[in-house]
Amino acid sequence: MGEVRLMKGNEALAEAAIRAGCDAYFGYPITPQSEVLEYLSREAPQRTGMVVLQAESEIASINMIYGAAGAGKRAMTTSSSPGISLMQEGLSYIAAAELPCLLANINRGGPGLGTIQPAQSDYFQSVKGGGHGDYKLIVLAPSSVQEMADFVRLGFDLADKYRNPVMILSDGAIGQMMEKVELFEQQPKGGTFPKPWATTGKTKDRQRNIITSLHIDPKEMENINLRLQEKYHAIEENEVRYEVMKIDDAEFILTAYGLAARICQKVVELAREKNYKVGLIRPITLFPFPKKLFAEIVPRIKGILDVELNAGQMVEDVKLSVEGKVRVEFYGRMGGIIPTPEEILEHFEKIFIKGE
Amino acid sequence: MAKVKGDIIVDIEKCKGCELCVVACPQGAIALSDNINKKGYHYMIKIKDNCTGCENCALVCPDAVITVYRKSGKKKEKIATISNVQNNMTMEVN
Amino acid sequence: MDEKDLKLNETEFLNEDICVAEYLVYKKPETLIDIDLHYCPGCGHGVVHRLLMEVIEEMNIVDKVIGVAPVGCSVFAYNYMDIDMQEAAHGRATAVATGIKRVLPDKLVFTYQGDGDLAAIGTAETIHACNRGENFLIVFINNAVYGMTSGQMAPTTLPGMVTTTTPFGRDTSITGFPLKISELVAQLPGVCYVTRTSVHTAGNVRRTKKAIQKAFEYQMQNKGTCLIEVLSNCPSNWKMTPLESNKFIEEEMIPFYPLGDIKVPKEEK
Ligand SMILES: Cc1ncc(C[n+]2csc(CCOP(=O)(O)OP(=O)(O)O)c2C)c(N)n1
Ligand code: SF4
Ligand code: SF4
Ligand code: SF4
Ligand SMILES: [Mg+2]
């Protein structure tokens, strides 16, 4: 068993970055995730020689990531909603230039400056591509401090494997909560994936390497797009991750990710006490979305209640997955308000049991 | 005929006829041709045989189309490049 | 390239006894890839590209150099330079270069940026990279206009200068004054070398090359940020012939943006 520690979600994520062999972190302070930059500034350079730099803005940090990732290194940044908005142009460039890197969005309530309280209102931005162009991030949604740590290593590996940016989409509550976490062993710095495409100085034995996203010729640009789409399809085939709870005999499915899924676990228990056959699907990868699982379960169930800390975003992917073959309802709170399990159960009963 | 010390070779198909070399030449040795190249530009030509190989034209040429030769033994700053591309040339360095 | 491939002069003056390898004194660098440059006739971008490649070749540092191209007319700089390069988002070249240099501190990094890229949309990145003393070279092409997007006002556009967005001449009461970014960053302690050159005459081309060489030497000595501002022409958007545009540099640009060293490393003063 690995080392077990009691840690905040943000600290676990930072500790995992060191252990995953991250070469460079560039970031800008924003609540509720500043602990990551603070923790790394304190711990990382001495332990692994990792570069930790406070940038002048999120625009600068994401472009520093571009440079460092283009140089073949494991690079990472974290921020919260407004900062992630500032990074969208850079992310689009990174996705287009196919640079592997890891980001975390410790989601807070929006729009605008909003609130520093937790929310899930950046689902669309993360999953549908917040920047310009047809690109996809691989999006991982942790629901515990343990996963905040584990998904850093997984995220870097997926990024390297597919040459694609990976986003950990978490929220202020998971970032700030303290839980026991089992930490994985220190990994080699920079990971083990070969990166022959990196700009490290052109040696005599190879052609020059160019990192770019510019392709003026429409044919070439379409071909690049087709190749990217092929990659995204491969990711959809191979990398879907989810967790299920009591779905075998379920008549109704609750679905939620991250923090909302933790609450829904409790809702399932309460519902089962009342003899409602309720199960839970927790998508872990938001892209790729577990479409097939939803499609498969449709014939066996009477309805789905999607719960999110937003106005209804993932619910659109759920609806697309079931193609109108089953009733899909939504319950959400916004602005940093976290619903209680009882509140959600009451809403469930109102819709599916009492048929209001 | 004057004692010739230098000469140039122009890659006329790459020349864009900007004329910057023409005014840079202290000898008035070059001008634009009345003819045009495949790209449609009046390309640069030598009009006099008095080139000293001073390199001015090559230095100001934005399209790097001029190669310069000079017979005098005086060393110029380009020695390093020359030694890279020519195997058995004799360099007079002073 | 073999000299035999070069098109011979359209003249009877070719001196076959002179045009021999032994007397070769100037040849374009091998690292400047042998394809047509996409720049307009007479554009200074081509000269600065060539100078960079000459220096890199002569200093024998091809395997150490990583360049960062901007968004602007020189967005395709990487098509012509036979070295490893990254193409940055508009204005972000110094942030990208920071990312590269921080993870590869033993390599030599330069950015190549226009005035809009470096001194408008990328001002924050420029100033903060300089303020951190990032140990790389910034090559700043000041042509007083947005070349690529066809001639709008740049932060460096001269007062009274006509551009497509200042059709009656730049009115400083509306658009502010030209930004002398070189003088600005020269005040930052992290910056070691700031100089302003031009490429409109052979002598100035020589001085620009010298400056680039020095800047790479300083970088090897970890001296901090070097910035070379090159006054360059944009005949197409200035609506001038190349010759007229060089005259404009001499008569209008240089009086406003004086040439010469703005800051040199302490030992050299
Ligand atoms: C975010 C963004 N905004 C605007 C543009 C459009 N754009 C491309 S180049 C450019 C200006 C380039 O001018 P400069 O940096 O002076 O380079 P030059 O072409 O003059 O060499 C602009 C505004 C862009 N590509 N990206
Ligand atoms: S080398 Fe000098 S003298 Fe000869 S053509 Fe060029 S500028 Fe004129
Ligand atoms: S400077 Fe170069 S491109 Fe311009 S006219 Fe002379 S040879 Fe041709
Ligand atoms: S538009 Fe101006 S800066 Fe751009 S290539 Fe043409 S002359 Fe050069
Ligand atoms: Mg410009």
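Colleague: Is Tyr232(A) buried or exposed?

Modeller: Tyr232(A) is buried, with a relative accessible area of 2%. Buried means under 20% relative accessible area, exposed over 50%, and partly exposed in between, using a 1.4 Å probe and protein chains only.

Colleague: What should I know about the model and the numbering?

Modeller: This is a predicted model, in which local features need pLDDT of at least 70, side-chain atom pairs count only at pLDDT 80 or more, and totals for chains, interfaces and linings use all residues. Residues are numbered from 1 along each chain as its sequence is written, chains are lettered from A and ligands numbered from 1 in the order in which they are written, and side-chain values use heavy atoms, with hydrogens and water left out.

Colleague: OK, aromatics. How many aromatic pairs are there over all chains?

Modeller: The structure holds 14. Rings of Phe, Tyr and Trp (its six-membered ring) pair if their centres lie within 6.5 Å; planes under 30 degrees apart count as stacked, over 60 as edge-to-face and the rest as tilted. One of the pairs is Tyr232(A) with Phe287(A), edge-to-face at 6.4 Å centre to centre and 90° between the planes.

Colleague: Where in the chain do Tyr232(A) and Phe287(A) lie?

Modeller: Tyr232(A) is in helix 9 (residues 218–238) of chain A and Phe287(A) in strand 13 (residues 285–287) of chain A, so the pair links distant parts of the chain, 55 residues apart. Helices (H or I, at least four residues) and strands (E, at least two) are DSSP runs, numbered from the N terminus. Phe287(A) is buried, with a relative accessible area of 5%.

Colleague: What about Phe110(C) and Phe216(C)?

Modeller: They form an edge-to-face pair, 6.3 Å centre to centre with 90° between the planes. Phe110(C) is in strand 4 (residues 108–114) of chain C and Phe216(C) in helix 8 (residues 202–220) of chain C, so the pair ties together parts 106 residues apart in sequence. Phe110(C) is buried at 0% relative accessibility, and Phe216(C) is buried at 0% as well.

Colleague: Which charged end sits over the ring of Trp197(A)?

Modeller: That of Arg163(A), 4.1 Å from the ring centre. A charge sits over a ring if NZ of Lys or CZ of Arg is within 6 Å of the ring centre and within 35 degrees of the ring normal. In chain C, the charged end of Lys180(C) sits over the ring of Phe256(C), 4.6 Å from its centre.

Colleague: Switching to chain B. Why is strand 4 largely enclosed by the rest of the structure?

Modeller: Strand 4 (residues 66–70) of chain B is largely enclosed because five of its five residues are buried. Ile66(B), Val68(B) and Arg70(B) cover one side, and Thr67(B) and Tyr69(B) the other.

Colleague: Which strands pair with strand 4 of chain B?

Modeller: Strand 1 (residues 6–10) of chain B pairs with it in the antiparallel sense over five bridges, and Gly6(B) has Arg70(B) as its bridge partner. Strand 1 (residues 24–26) of chain C also pairs with strand 4 of chain B in the antiparallel sense, over two bridges. There, Val68(B) stands opposite Tyr26(C). Two strands pair if DSSP finds at least two bridges between them.

Colleague: Last one. What are the protein donors of the magnesium ion (ligand 5)?

Modeller: Asp115(C) (OD), Asn143(C) (OD1) and Val145(C) (O), lying 2.1 to 2.4 Å from the ion. Donors are N, O and S atoms within 2.8 Å of the metal (3.2 Å for Na, K and Ca); water is not among the atoms, so sites may look incomplete. Asp115(C) is buried at 2% relative accessibility, and Asn143(C) is buried at 7%.
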